[in-house]
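Please read them with the structure open beside you.

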Amino acid sequence: MSSKVRVAIIGLGFGSEFIPIFQNHPDAEMYAICQRNPETLHKIGEAFGVKHRYTKYEDVLKDPNVDAVHINTPIPDHAPQSLAALKAGKHVACTVPMATTVDECRALVAETRKQKKNYMMMETVVFSREFLFVRELYEKGELGRLQFMRGSHQQEMAGWPGYWEGLPPMYYATHCVSPLLALADKLAASVTCLGSGRIAPKLAAKYGSPFAVESAQIRLKDSDVGCEVTRSLFETARQYRESFDIYCDKASFEAPLVEHEPPILHRGEAPERVTVPDYAHRLPAGIQRYTTKGVYDSEENVHLSFKQGSGHGGSHPHLVHEFIRSIVEKRQPYVDEVKSANWTSTGICAHESAMAGGKLVAIPDFS
């Protein structure tokens, strides 16, 4: 490997958001991009000045100069593409979820260990400013003893690409599962889940999943703390919400019910709306601006036809930094293959439980 980690980004919808972050990280080289559509590929390549461009993923993996791939493709492709990259000797960062089956999770954990490469699921919530704020309070002892946690991710996916149609809600549950397990620093041991309501038959037919909402209770390994998560994707009227609530004996944190309102910190009978600070100071200077500013609204890229904000609680540069530094420092990333598999499988097993009328399902031990 060269002095810098040479990265190839796979998938240039959401993936393009990360190009300048890798370009401005002191330990990374934004080496290549991959997109099936040649017109889109070259448009983005020219806009960001990326020289090496591929329309075939297989060709990326054959390039000996690629040290790591960052996968931002449709959910069904995550596991097979990650597995192929590991077998090709590449480090892997992959957007959520890790996979759609427990067997795929097992295979990825095994291959990561076999190849002695880094796998990191790029879970945004545990690098968001809101989570970093709550974890800081918890680690300082200001919240006290953890008593209960709740996560929620509700989103209307009508009009999104076809593979989303009818997706079981808990198959994409890591955004509400991860902050709970990460704060407790525990893995999920078992889950029970209630499937509620019904989506249109046309939607339900694709994955055989009828439920509009899935709500799960999670038991943590080696802990007396419980969790509850709720997930919906279709035909449930609500503004977008991606949130977590943390209840402790000294103070409790509740995410806002309505987007853009401040969260609430409860200290006994005295609730307080709080301003969550940014954590850009934890990052290299070159990528600090990406915690509050999106990529495509930068002055040099106003000609691009799509618009995105920074989003995800300013997590994108934190994700890049953790992935790159884990490789440079020859250590596992914070969201390693075991956490990735456990957080993903919690949702997979929750859906299994819902389909079986709420039976208790044990989550495999990937460690």
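1. For the charge count, Lys and Arg are taken as positive and Asp and Glu as negative, while His and the chain ends are left out. On that basis the protein chain carries 41 positive and 44 negative side chains, and the centres of these two sets lie 4 Å apart. Please keep in mind throughout that this is a predicted model.

2. On the overall fold, the secondary structure of the protein chain comes to 10 helices and 15 strands. A compact globule of 367 residues would have a radius of gyration near 21 Å, and the 20 Å found for the protein chain agrees with this. The C-alpha trace spans about 55 × 45 × 40 Å along its principal axes.

3. On burial and surface, 56% of the 367 residues count as buried, and the protein chain exposes about 15,700 Å², of which carbon and sulfur atoms supply 50%. Where contacts join residues at least 6 apart in sequence, 69% of them in the protein chain are between residues at least 24 apart.

4. On the aromatic side chains, the count comes to 8 aromatic pairs. Phe 148 belongs to strand S7 (residues 146–154) and Tyr 247 to strand S11 (residues 241–248), so that the pair links distant parts of the chain, 99 residues apart. With a relative accessible area of 26%, Phe 148 is partly exposed.

5. A second pair has another geometry: the rings of Trp 164 and Tyr 172 have centres 5.0 Å apart and planes at 85°, so this pair is edge-to-face. Trp 164 counts as buried at 6% relative accessibility, and Tyr 172 counts as buried at 13%. Ring pairs also link these two residues with Trp 160 and Tyr 163 into a cluster.

6. Which residues does Thr 124 contact, once its neighbours within four places in sequence are left aside? They are His 175, Glu 242, His 312, Ser 315, His 316 and Leu 319. Thr 124 itself lies in the loop between strand S6 (119–121) and helix H6 (129–139), and with a relative accessible area of 4% this residue is buried.

7. In helix H4 (residues 78–87), the buried residues include His 78, Ala 79, Gln 81, Ser 82, Ala 85 and Leu 86. In an α-helix there are 3.6 residues a turn, so residues three or four places apart point the same way. The cover over the buried residues of H4 includes strand S1 (5–10), helix H3 (57–62), strand S4 (68–71), strand S5 (91–94), helix H5 (102–115) and S6. After H4 comes Gly 89, which has a positive phi, near 85°.

8. Finally, Gly 286 is found in the loop between strand S14 (270–273) and helix H9 (316–328), where its relative accessible area of 26% makes it partly exposed. From C-alpha to C-alpha, Gly 286 and Val 276 are 23 Å apart in space, although they are 10 residues apart in sequence.

Terms used
Residues numbered from 1 in each chain as written. Predicted model: local features only at pLDDT ≥ 70, side-chain atom pairs only at ≥ 80, totals over all residues. Heavy atoms only, no water. Helix = DSSP H or I, 4+ residues; strand = E, 2+ residues; numbered from the N terminus. Rg over C-alpha atoms; globule rule 2.2 N^0.38 Å. Buried < 20%, exposed > 50% of the residue type's maximum accessible area, 1.4 Å probe, protein only. Contact = heavy atoms within 4.5 Å. Areas by Shrake-Rupley, 256 points an atom, 1.4 Å probe, with all protein chains shown as cover. Charge placed at Lys NZ, Arg CZ, Asp CG, Glu CD. Phe/Tyr/Trp six-rings, centres within 6.5 Å; stacked < 30°, edge-to-face > 60°.
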